[in-house]
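Subject: Structure handover and findings

Hello,

Here is the structure we talked about handing over. My notes on what was found follow below it.

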Amino acid sequence: MSAQAAAGKVTIPSLQEMKAAGEKSVCLVAWDYQMARIADRVGVEIVSVGDTVGVNLWGQPHPLEITMEEVLVVAKAVRRGVSRALLSCDFPFGPLQEGPASAVRAAIRLVKEAGVDLVKLDGASDFPEAVEAVTRAGIPVFAQFGITPQTALKYGIEYSAASSVQVPEEMLEELVGEAKRLESAGAVALNFTNSGPVVGPAVVEAVSIPVLGGFGGGPWLDGRIRMTTAALGYSAANLDKEPDTYLNVARLAYDALSQCAADIRAGRQIRGGIKI
């Protein structure tokens with residue numbers, strides 16, 4: 001836990017102070033109340049409601065399918081579990097692309113109905129006027145750019161392959177320019193997806209706001225973003241392989257549920273009542 005995290009409620013200025021001090025920010029993606037409580041207790045700076053909940057938890061084939069109503073249900077649950085970290089929430093695909101007025105309406109809904117602290121806009125570099133409009137409305141913007149879930153097709157990359165690529169080094173000047181425009185538009189932090197070890201450090205150096213990253217990122221950024229499910233090895237696919245994660249929760253769950261089923265079939269008492 002950082003010194004800032006130990007001090008109490010995280011603020012946006014404190015994130016900028018961490019960047020200036022060379023301290024790394026931690027952002028964990030959570031999609032339910034219980035995991036949000038755990039992430040908050042760990043002492044992370046940001047808990048994020050990602051728009052890939054439909055893909056990673058609900059089996060949807062593509063993150064563009066998620067709706068605002070679905071995002072709001074998840075964000076409300078996570079809000080109940082977060083008291084110290086900043087709560088960020090992704091826009092679903094649509095409101096940003098429809099223009100500044102639509103983006104402001106969506107941001108207001110996320111703040112009023114779910115109580116989020118900042119909104120994350122995927123593909124924000126294509127819509128700086130929307131970033132400005134949401135900022136003018138008094139809502140902090142976490143701007144995502146690079147090869148992202150919502151912009152992968154623009155780069156000719158299938159969503160399923162997006163996590164295994166990096167932005168080309170020849171795009172360095174273009175992406176540095178995008179980062180500067182997003183900062184000028186009012187973004188309080190950047191999520192640079194698939195930054196790579198060449199372009200990533202250049203962007204970090206070019207702006208005064210924190211630059212975090214999920215897949216395709218590294219220690220060259222001001223902080224990292226990781227899905228709690230990915231860190232824990234939650235995916236059922238991990239039953240058939242040993243994942244590069246901090247745990248293999250899928251295997252642990254399989255073994256525990258197999259024992260529960262065996263106890264039921266043998267007429268034995270079963271364990272585990274839900275304690276909230």
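Predicted model: local features only at pLDDT ≥ 70, side-chain atom pairs only at ≥ 80, totals over all residues.

Helix H5

H5 covers residues 68-81, and its 14 residues should span 20 Å at 1.5 Å a residue. The C-alpha atoms at its ends are 20 Å apart, in agreement with that figure. Buried positions in H5 are Met68, Val71, Leu72, Val74, Ala75, Ala77, Val78, Arg79 and Gly81. An α-helix has 3.6 residues a turn, so residues three or four places apart point the same way.

Nonpolar core

In soluble globular proteins, nonpolar side chains tend to be buried together. The largest nonpolar core here has 72 residues, and the members that touch the most others are Val47, Phe91, Leu110, Val119 and Leu190. Leaving aside residues up to four places away in sequence, Val47 is in contact with Leu28, Ala30, Ala39, Val78, Val82, Ala85, Leu86, Leu87 and Ser88. One of these contacts, Val78, is also among the buried residues of H5.

Salt bridges

Side chains of opposite charge can pair when their charged atoms come close. Searching the whole structure gives eight salt bridges. One of them joins Asp117 to Lys9, at 3.9 Å from N to O. That pair connects distant parts of the chain, 108 residues apart: Asp117 lies in the loop between H6 and strand S4 (118-122), while Lys9 lies in the loop between helix H1 (3-6) and helix H2 (12-21). Asp117 is partly exposed because its relative accessible area is 24%, and Lys9 is partly exposed because its value is 42%; the cut-offs are under 20% for buried and over 50% for exposed.

Asp117 also meets Arg79 in a salt bridge, at 3.3 Å from N to O. Here the two residues are 38 apart in the chain, with Arg79 in helix H5 and Asp117 in the loop between H6 and S4.

Lys19 sits in helix H2 and Asp222 in the loop between strand S7 (211-213) and strand S8 (223-227), with 203 residues separating the pair. Both Lys19 and Asp222 are buried.

Largest pocket

How much space lies in the largest pocket? The value is about 860 Å³. Its lining has 32 residues, and those nearest the centre are Arg226, Met227, Ala230, Ala231 and Leu232. Strand S1 (25-29), H3, S8 and helix H10 (228-232) each contribute at least two lining residues. H10 gives the largest share, five residues.

A backbone detail

Most residues other than glycine have a negative phi, and most peptide bonds are trans. Asn194 has a positive phi, near 60°. Asn194 belongs to the loop between strand S6 (189-193) and helix H9 (196-206), and it counts as buried because its relative accessibility is 0%.

Regards

How values were computed
Residues numbered from 1 in each chain as written. Heavy atoms only, no water. Helix = DSSP H or I, 4+ residues; strand = E, 2+ residues; numbered from the N terminus. Expected span 1.5 Å × (residues − 1). Buried < 20%, exposed > 50% of the residue type's maximum accessible area, 1.4 Å probe, protein only. Core = buried A, V, L, I, M, F, W, Y, C linked by side-chain atoms within 4.5 Å. Contact = heavy atoms within 4.5 Å. Salt bridge = Lys/Arg side-chain N within 4 Å of Asp/Glu carboxyl O. 1 Å grid on protein atoms, 1.4 Å probe; cavity = no way out; pocket = protein on both sides within 12 Å on 5 of 7 lines; lining within 4 Å. Points joined across faces, edges and corners; volume = space filled by probe spheres on them.
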